[in-house]
Amino acid sequence: MKNTDNEIFNSLKALFTGKRVKIVIISHENPDGDAVGSSLGLAEVLGNFGHEVNVIVPNVYPEFLKWFSSELKVWIYDIDKKEAKNIISCAEVLICLDFNNPERAAKMSKQIIQFQGTKVMIDHHPYPVQFCDYMISETEYSSTAELVFRLVTETGLKDFINYASAEALYTGIMTDTGSFSHNISRPGPFLAAAELMKWGIDTEKIQSNVYHNFSADRMKLLGYCLNKKMEVFPEYRTAVIHISRDELLEYNFQPGDPEGFVNYPLSINNIIFSALFIEKKDVVKASFRSKGNFPVNNFSQRYFGGGGHLNAAGGESKLTLTETVERFKQLLIEFKHQLLGITE
Ligand code: 5GP
Ligand code: MN
């Protein structure tokens with residue numbers, strides 16, 4: 001069944017345009033632009049309709065996402081645990097945005113699984129887990145924000161979009177497509193972005209807020225990663241960057257600083273696979289990007305307990321940073337044939 005068919009939209013129309021209810025919107029751990037943008041965008045719309053809406057994310061999100069016009073508070077479960085638990089226990093509807101497996105909500109997964117009210121999932125990653133009453137799961141969509149815009153349109157809530165929601169949804173589409181450069185297989189993201197511009201949003205300012213907002217330390221960290229920490233293997237069409245906790249601390253690392261660094265090696269001629277390994281307190285976080293049809297989500301799921309999209313995925317490793325990188329290099333030998341055969 002196509003998830004974006006009339007039946008699901010009719011059900012969600014009944015849920016969202018009936019009596020006013022308490023709604024909690026939750027997104028995934030290490031929230032990115034689509035997680036925060038789709039959550040604030042939908043929360044604004046549902047709030048304008050008259051619902052009581054709260055947004056909660058499992059942990060902190062980067063500074064370059066802290067400029068939205070929306071005045072809604074984004075509760076951080078790690079910091080506001082008591083309030084967050086209270087919000088969830090009072091809510092009648094729980095909406096999961098930009099993830100399709102309770103595990104992606106990390107410390108909040110138990111709250112989600114045990115939630116007694118109506119559960120809705122709106123997401124664009126492959127391999128969804130069935131844990132919601134209503135599920136919109138469409139991998140064709142560039143971003144959850146684009147799906148939210150479609151949902152809002154189909155359920156007759158478009159009149160409740162305001163400047164703040166248009167800005168947040170646009171940001172979700174922009175960030176998940178790398179400024180409209182990938183994750184685009186249909187006109188949809190451009191059409192949605194063009195429609196959202198009708199609310200008078202300042203797309204140049206959004207672009208600049210997200211991408212031209214580096215701290216000096218973050219810019220230096222990027223330079224260090226590319227200059228000193230990147231290894232290029234033309235024979236595998238692969239590049240890898242690995243960075244230790246001590247190195248991060250040297251650059252006064254802030255959460256989210258290395259976000260996007262994994263994309264840079266793909267600008268190297270003939271490189272189609274890029275990996276970034278970051279040493280965290282108790283785990284090594286892995287990010288993977290690819291060009292063409294090398295499926296980094298399957299690679300990450302198989303070897304790093306993660307997942308994501310065909311060309312953008314993440315996961316983690318319990319080995320040390322050095323061991324993780326060694327293991328990755330071993331895997332490249334196994335994947336050599338496949339990597340050499342990929343057409344961009
Ligand atoms: P990033 O590399 O930017 O952290 O994540 C890239 C993509 O992979 C995003 O769509 C994100 O949701 C997904 N992703 C990141 N980490 C994980 C993970 O640990 N598990 C799964 N299933 N997906 C992940
Ligand atoms: Mn997304």
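**View 1. The largest nonpolar core comprises 52 residues.** Residues with the most contacts inside this core are Ile23, Ile25, Leu42, Ile95 and Ile122. A nonpolar core is a set of buried Ala, Val, Leu, Ile, Met, Phe, Trp, Tyr and Cys residues joined through side-chain atoms within 4.5 Å; buried means under 20% relative accessible area (1.4 Å probe, protein chains only). Helix H2, residues 33–49, gives the most to the core, with seven residues. Helices (H or I, at least four residues) and strands (E, at least two) are DSSP runs numbered from the N terminus. The model is predicted: local features need pLDDT of at least 70, side-chain atom pairs count only at pLDDT 80 or more, and totals for chains, interfaces and linings use all residues. Residues are numbered from 1 along each chain as its sequence is written, and side-chain values use heavy atoms, with hydrogens and water left out.

**View 2. Surroundings of Leu42.** Neighbours within four places in sequence aside, Leu42 is in contact (heavy atoms within 4.5 Å) with Ile25, Ile95, Leu97, Ile122, Val148, Leu151, Val152 and Leu169.

**View 3. His28 in the loop between strand S1 (22–26) and H2.** His28 counts as buried because its relative accessibility is 3%. Residues up to four places away in sequence not counted, His28 touches Ala35, Pro58, Leu97, Asp98, Phe99 and Arg104.

**View 4. Polar contacts of the His28 side chain.** A polar contact is a pair of N or O atoms within 3.5 Å; within protein, one must be able to donate a hydrogen and the other to accept it, and residues adjacent in sequence count only if both atoms are side-chain atoms. The His28 side chain makes such contacts with the side chains of Asp98 (2.9 Å) and Asp32 (3.5 Å).

Terms used. Chains are lettered from A and ligands numbered from 1 in the order in which they are written. Buried means under 20% relative accessible area, exposed over 50%, partly exposed in between (1.4 Å probe, protein chains only).
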